[in-house]
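Biologist: Hi, can you walk me through this model? Start with the pockets, please.
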Amino acid sequence: MSESKKSIIPRIGKLFDKDFIPAKFVETGDEIINPDRGWYQIHTFKLGDDFTMKDREYTLNSTDTLAFLLIDISKYRTMPLDELAVSQLRMIFNFFRDYRLDMIVRVVYDTVGRCMETEPDDESVITGHMNTLGPILKEYSGEIYVYQGLLIGNWGEMHSSKFLSPNRLKRLADVILEELKDTAYLAVRRPAYVRILFPEGEDVRQCRVGLFDDAILASPTHMGTFGSQSKKLARREQSWQPDEEMEYVSELCDRVPYGGEALWSDELDELTTVRDSLNKISDYMKNLHLSYLNRVHDMRFIDKLKTMVWATKGPYFGLDGYEYIGRHLGYRLVIRKTEYKLLPDDPDNCVLSIYIENVGYSRAFFKSCSEIRGKDKDGQEVKLDVSEWMQINLVASGETHVFNVHMPKLYGPIYLYIYKESTKRAVYPANVRNDDNCRDGEILLGEIRK
């Protein structure tokens with residue numbers, strides 16, 4: 001039982017069945033387009049080159065809510081980012097903001113796998129670039145979901161670089177975390193890097209550092225994302241064997257985003273039985289709390305998913321693997337039931353209890369707002385901001401949370417509307433539309449009779 005529910009029980013009166021008719025809630029298997037989750041594709045830019053955004057709209061997918069921006073600054077490896085680079089960054093960010101796409105941003109010196117040739121020789125050049133990036137990232141704080149990497153490594157993936165010693169990683173991370181503040185989540189390439197950055201364990205900044213993994217399912221170690229030694233034998237800052245890293249990632253990424261790229265492999269290894277079963281692939285991704293995934297990087301993986309079928313009875317029965325996985329990336333909130341109770345010492349106020357289950361792989365990682373719409377006793381429409389009582393990031397993957405909403409007594413049909421605070425984008429529940437009078441994004445919770 002949630003803490004909020006415990007605190008409310010002593011003050012609640014009897015359930016007024018005759019006054020409240022709860023709505024019927026049916027889970028849908030349809031695709032739900034919600035912010036900060038799902039499939040993405042990569043959009044690459046090179047600062048300092050001549051380019052426009054004129055034709056970029058033709059590269060967008062209408063069902064995407066995320067865009068991955070790979071921004072190459074190799075032209076500036078020996079100098080600060082100039083006015084042209086800054087204006088190009090704003091042009092890029094404005095374009096994706098105008099198309100209402102939340103952004104995953106990775107700024108890099110290399111896009112071909114030769115970072116030793118393109119990275120700056122001096123660490124101070126990198127930190128200078130971070131200092132310039134910081135204020136621009138803050139301008140778009142509502143739309144930037146995750147900032148990946150520390151600019152270094154092949155493809156910005158934090159490997160093959162000369163800046164990977166623990167001391168250098170910590171110095172670079174300190175700079176970018178100071179610049180990001182609460183702008184976006186920082187993601188690093190390996191779980192071991194999180195432990196390097198926070199050697200003593202929990203740190204107030206650690207709640208803003210997640211992971212990006214560009215080799216999910218490619219091998220038991222995700223092609224070096226994990227290690228081979230037991231953590232009993234390895235140091236804290238070293239990579240551990242896969243089962244131990246999976247346990248670490250599962251706990252860490254219940255609180256911070258995890259995403260990246262999945263790769264197909266025909267090798268016979270410990271993941272062979274996982275790859276051969278859609279149910280096991282789904283369980284594997286749920287254990288990692290996967291929020292976002294590249295849908296074009298490895299078409300062998302995507303094509304393989306499309307040959308699989310979800311055979312479990314329910315709203316997703318018959319979907320192919322690509323459809324099923326896509327619907328469950330990130331959060332997927334299903335309203336299960338509602339209850340209504342008057343406060344015995346204050347009959348003009350009530351508590352509306354809303355039971356929400358998260359059937360997705362992860363939490364929502366943003367601040368939400370919630371509104372309830374109904375009518376007052378004179379028949380006038382009323383909208384109540386109930387964000388104080390409802391924050392959807394409290395609903396963990398695989399769990400049901402009871403939101404006990406304190407509000408003045410309303411009448412007639414009662415509707416709920418949830419949206420992301422920073423961008424005002426609706427968060428749609430994964431329920432079948434249950435009333436013809438629902439406005440876009442709303443769901444009927446029930447009807448209160450006079």
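Modeller: One term before that: helices (H or I, at least four residues) and strands (E, at least two) are DSSP runs, numbered from the N terminus. The model is predicted, so local features need pLDDT of at least 70 and side-chain atom pairs pLDDT 80 or more, while totals for chains, interfaces and linings use all residues. Residues count from 1 along each chain, and side-chain values use heavy atoms, without hydrogens or water.

Biologist: Which residues lie nearest the centre of the second largest pocket?
Modeller: Glu31, Trp39, Thr63, Tyr322 and Gly326, out of 15 lining residues. On a 1 Å grid over the protein atoms alone, a pocket is an open set of points where a 1.4 Å probe fits, with protein on both sides within 12 Å along at least five of seven lines; lining residues have an atom within 4 Å of a point.

Biologist: Which elements give two or more residues to that lining?
Modeller: Strand S2 (38-40) and helix H11 (321-328). H11 gives the largest share, four residues.

Biologist: And the largest pocket: which residues lie nearest its centre?
Modeller: Asp182, Arg208, Phe365, Phe366 and Lys367. The lining of the largest pocket has 16 residues.

Biologist: Back to H11. Which residues does H9 meet there?
Modeller: Gly321, Tyr324 and Ile325 in H11. From H9 come Leu278, Ile281, Ser282 and Met285. Contact means heavy atoms within 4.5 Å.

Biologist: How do their axes cross?
Modeller: The axes of H9 (residues 278-288) and H11 come within 11 Å and cross at roughly 20 degrees. Therefore H9 is roughly parallel to H11. Axes are lines fitted to C-alpha atoms, for helices over the stretch in contact, with angles from 0 to 180 degrees between N-to-C directions; under 35 degrees counts as roughly parallel.

Note on methods
Parallel < 35°, antiparallel > 145°, perpendicular 65-115°, else oblique.
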